[in-house]
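Open the model in your viewer and keep the selection panel at hand. The stops below go from nonpolar cores to charged pairs.

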Amino acid sequence: MILPAQRHLFDLPDDVTWINCAYMSPQLHAVSEVGKEAVMRKARPWQLRPEDFFTDSEALRKLFARLVDADADGVALVPSASYGLAVAAANVPVKVGQRLLVLAEEFPSNVYPWRELAERAGGQVVTVRKPEDGDWTRALLAELDERTALVAVPHCHWTDGGLVDLVRVGQRAREVGAALAVDATQSLGALPLSVAEVKPDFLAAAGYKWLMGPYSQGYLYVAPRFREGRPIEHNWLMRGGSEDFARLVDYRDDFQPGARRFDVGERSNFVLVPMAMAALSQLLKWGVADVQETLRALTERVAKGARALTLEVPPETQRAGHMVGLKRRGGYGPEVAAKLAARKVFVSVRGDSIRVSPHLYNTEADVDRLLEELDALV
């Protein structure tokens with residue numbers, strides 16, 4: 001179902017065309033209001049009860065689990081995608097000579113941990129080259145064999161929305177005994193994903209883009225076989241019996257159940273957690289599948305107009321519907337985005353593409369304004 005414009009729910013001035021959600025989402029009014037109330041709550045610490053360290057964070061864990069079709073015990077609360085991927089790198093076994101697959105021009109947070117892991121374990125990071133036809137899935141499957149210890153991929157490429165079929169890649173990874181780590185930062189919330197279907201070993205996502213939440217609140221899904229793994233920090237909340245503040249000096253070796261052992265310290269953040277809850281609640285109300293269909297209509301309009309300007313656009317069958325990269329020979333200088341911004345039209349230049357990433361606050365009029373300004377520039 002195509003959703004009606006939701007601009008009234010966001011803090012966006014009428015003269016701003018923000019078509020750049022892949023950079024950062026504007027804030028929902030509801031999220032801002034919850035944040036203001038939460039800040040004032042901290043001003044009155046006598047109103048915070050011991051159980052408050054657990055209730056909201058558990059509610060947020062359940063909301064995220066609903067979003068990705070998971071069990072709440074599989075969800076850890078982390079500050080960033082990089083934190084989640086660091087947890088994965090601390091637990092994925094790699095033998096000497098094994099390969100770790102990443103995509104060309106991948107976001108650095110999904111490259112650096114694997115370089116460090118490969119160096120530590122004697123493995124090798126293998127970069128899958130960008131395919132001429134845009135079919136990342138085919139290119140990945142061609143490299144994915146029994147030599148592979150890990151496949152570290154996004155659901156769609158951060159520069160232009162190039163799509164990866166995670167179900168097929170995950171199935172092949174399991175066949176050869178490789179782990180699958182997914183950075184879903186640039187897709188989750190706008191592109192449907194079920195961990196029950198994909199079966200990733202780890203899936204991490206930052207929450208301030210397509211998940212519409214505050215900065216520094218992220219999420220990590222951990223498959224059952226890794227839930228007794230090694231956390232990268234040791235905070236009091238992750239340990240068994242932490243609900244009893246009077247007995248915290250009775251140090252314990254056991255952990256809270258499931259992926260909670262991977263929670264970041266101070267995961268109960270009394271400002272960010274309520275804001276993230278409001279954001280995920282709105283996403284679930286809209287429905288991710290309907291968000292994707294609505295945004296696809298907008299990016300197809302972008303793609304059609306861009307082709308008329310002789311810009312290159314990835315094939316519709318090989319890209320996600322919520323973002324699109326517009327390429328031209330020789331790429332773009334940073335002045336293109338700056339000149340658009342001066343006209344209050346906001347996009348990003350990533351790699352050799354202008355990355356256009358609308359959301360429900362955008363309309364066809366925003367797309368047409370972008371294309372008009374692009375025509376004058378390129």
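This tour of a predicted model says what to select at each stop and what is there.

**Stop 1: the largest nonpolar core**

Select F64, L188 and L326. They belong to the largest nonpolar core, which has 91 residues, and they touch the most other members.

**Stop 2: around L326**

Center on L326. Which residues does L326 touch, leaving aside those up to four places away in sequence? Show V302, A306, L311, E312, V313 and Y332.

**Stop 3: E33 and K36**

Turn to the charged side chains. The salt bridge count for the model is 25. Start with E33 and K36, whose side chains meet in one of these bridges at 3.4 Å, N to O. Both residues sit in helix α1 (residues 29-42). They are three residues apart, about one turn of the helix. E33 is partly exposed, at 42% relative accessibility. K36 is exposed, with a relative accessible area of 52%.

**Stop 4: E58 and R61**

Move to helix α2, residues 52-68. Here the side chains of E58 and R61 form a salt bridge, 3.0 Å from N to O. Why about one helical turn between them? Because E58 and R61 are three residues apart in helix α2. Is R61 buried or exposed? R61 counts as buried, because its relative accessibility is 0%, and the cut-off for buried is under 20%.

**Stop 5: D201 and R225**

Select D201 and R225. Their closest N and O atoms are 2.7 Å apart, in a salt bridge. D201 lies in the loop between α7 (195-198) and β7 (202-206). R225 lies in the loop between β8 (218-222) and α8. The pair therefore ties together parts that are 24 residues apart in sequence. Check the surface again. D201 is buried, with a relative accessible area of 7%, whereas R225 counts as exposed at 57%.

**Last stop: a network**

Which residues do salt bridges with shared partners join into one network? Select E58, R61, D73, R260, D263 and R267 to see it. The E58 and R61 pair from Stop 4 is part of this network.

Key: Residues are numbered from 1 along each chain as its sequence is written. This is a predicted model: local features need pLDDT of at least 70, side-chain atom pairs count only at pLDDT 80 or more; totals for chains, interfaces and linings use all residues. Side-chain values use heavy atoms; hydrogens and water are left out. A nonpolar core is a set of buried Ala, Val, Leu, Ile, Met, Phe, Trp, Tyr and Cys residues joined through side-chain atoms within 4.5 Å. Buried means under 20% relative accessible area, exposed over 50%, partly exposed in between (1.4 Å probe, protein chains only). Contact means heavy atoms within 4.5 Å. A salt bridge is a side-chain nitrogen of Lys or Arg within 4 Å of a carboxyl oxygen of Asp or Glu. Helices (H or I, at least four residues) and strands (E, at least two) are DSSP runs, numbered from the N terminus.
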